[in-house]
Amino acid sequence: MTKSFSFTSHANVAFAMLLLFFIMSTASQAQLSSTFYDRTCPNALATIKSSISRAVSQERRMAASLMRLHFHDCFVQGCDASLLLNDSASIVSEKNAFQNRGSARGFEVIDDAKAQVEKICPGVVSCADILAVAARDASVAVSGPSWTVKLGRRDATRASQAQAESDLPLFTDSLDRLISRFGDRGLSPRDLVALSGAHTIGQAQCFTFRDRIYNNGSDIDSNFATTRRRRCPAAAPNGNTNLAPLDLVTPNSFDYNYFKNLIQKKGLLESDQVLFSGGSTDSIVSEYSSKPATFRSDFGIAMIKMGDVSPLTGSAGEIRRICTAVN
């Protein structure tokens, strides 16, 4: 008996679209290679590393900022450096999106790395690849994990503030919403928890955690909340941009204290604490809190997977001469 397969239902149409996305994504990924610049610009990676190391040595927090840039780039249109484009007659910059405005930083470090690479190999290395390499080098610079960066991405010629505001995670996101956002990009709940571990370094602005520290909820340690209130007054907009470390214990070290903090109800952001709140990711947080080597390994794996999200390859896009504008 022969069965016919019809794409008449919404479920089957959705499945077909997902399958097509997977096939296209896999084809793009196949063109990425860690040796992509070995012949065309053999000193590219060393040049980028020098720029990143210098920037992080001047300001430790920059490591977190550079990793966040790569993350915020890949989640909108894929890893195509669309985040780096400034406003122009044809572009409304993703830098203006709520999740980026006033908080995304480190652009000048990427611009410097690009300028240094252009001196030795003009028109060869993409801004998208520089973002990916910078994230790895930033992690290493603060004693975090290393991973092999696949290369060969090309740069977008468009950007979308609207898509950034729609697709980027919010500090108020629920666990289900976070799992959905990451799942849409081929990232598992385990990848979500591992990548969130980047919050072991860096800082957040008062307005992103004000509600959490003043709502007297059962999911926050009361002493922790009291401590955080000292530099984050209850009445907005007072102190809106005051900074607090995401990890109060070791704010400048890439370690696994972030996960210990969550277990103690000391996650600074609501979107951090939901990872350990009686839900499906509790067991992963517990595992990482006691097995730092597993966390470091999984973080590298998740960063590689994130770097594979919908890259432009082949003749798509372009290699920008400067990262802030199309050629």
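**Close-ups of the disulfides and a helix crossing**

Counting bonded cysteines along the chain, the disulfides of this protein pair up as 1-4, 2-3, 5-8, 6-7. There are four disulfides in the structure, and keep in mind that this is a predicted model.

**View 1. Cysteine 41 meets cysteine 121.** The two are joined by a disulfide, S to S 2.1 Å. This pair links distant parts of the chain, 80 residues apart: cysteine 41 sits in the loop between helix H1 (10-30) and helix H2 (44-58), while cysteine 121 sits in the loop between H4 and helix H5 (127-141). The link is right-handed, with 90° about the S-S bond, and both cysteines are buried.

**View 2. Cysteine 74 and cysteine 79 form a disulfide.** Here the sulfur atoms are 2.0 Å apart. With 115° about the S-S bond, this link is right-handed. Cysteine 74 is buried, and cysteine 79 is too.

**View 3. A disulfide connects cysteine 206 and cysteine 232.** Their sulfur atoms lie 1.9 Å apart. The torsion about the S-S bond is about 75°, so this disulfide is right-handed. Because cysteine 206 belongs to helix H9 (residues 206-214) and cysteine 232 to the loop between helix H10 (222-229) and strand S2 (243-245), the pair ties together parts 26 residues apart in sequence. Both cysteine 206 and cysteine 232 are buried.

**View 4. Helix H3 packs against helix H4.** The axes of H3 (residues 62-74) and H4 (residues 107-120) are 9 Å apart, at an angle of about 80°, which means H3 is roughly perpendicular to H4.

Terms used: Residues numbered from 1 in each chain as written. Predicted model: local features only at pLDDT ≥ 70, side-chain atom pairs only at ≥ 80, totals over all residues. Heavy atoms only, no water. Axes fitted to C-alpha atoms, helices over the stretch in contact; angles between N-to-C directions. Helix = DSSP H or I, 4+ residues; strand = E, 2+ residues; numbered from the N terminus. Parallel < 35°, antiparallel > 145°, perpendicular 65-115°, else oblique. Disulfide = S-S within 2.5 Å. Buried < 20%, exposed > 50% of the residue type's maximum accessible area, 1.4 Å probe, protein only.
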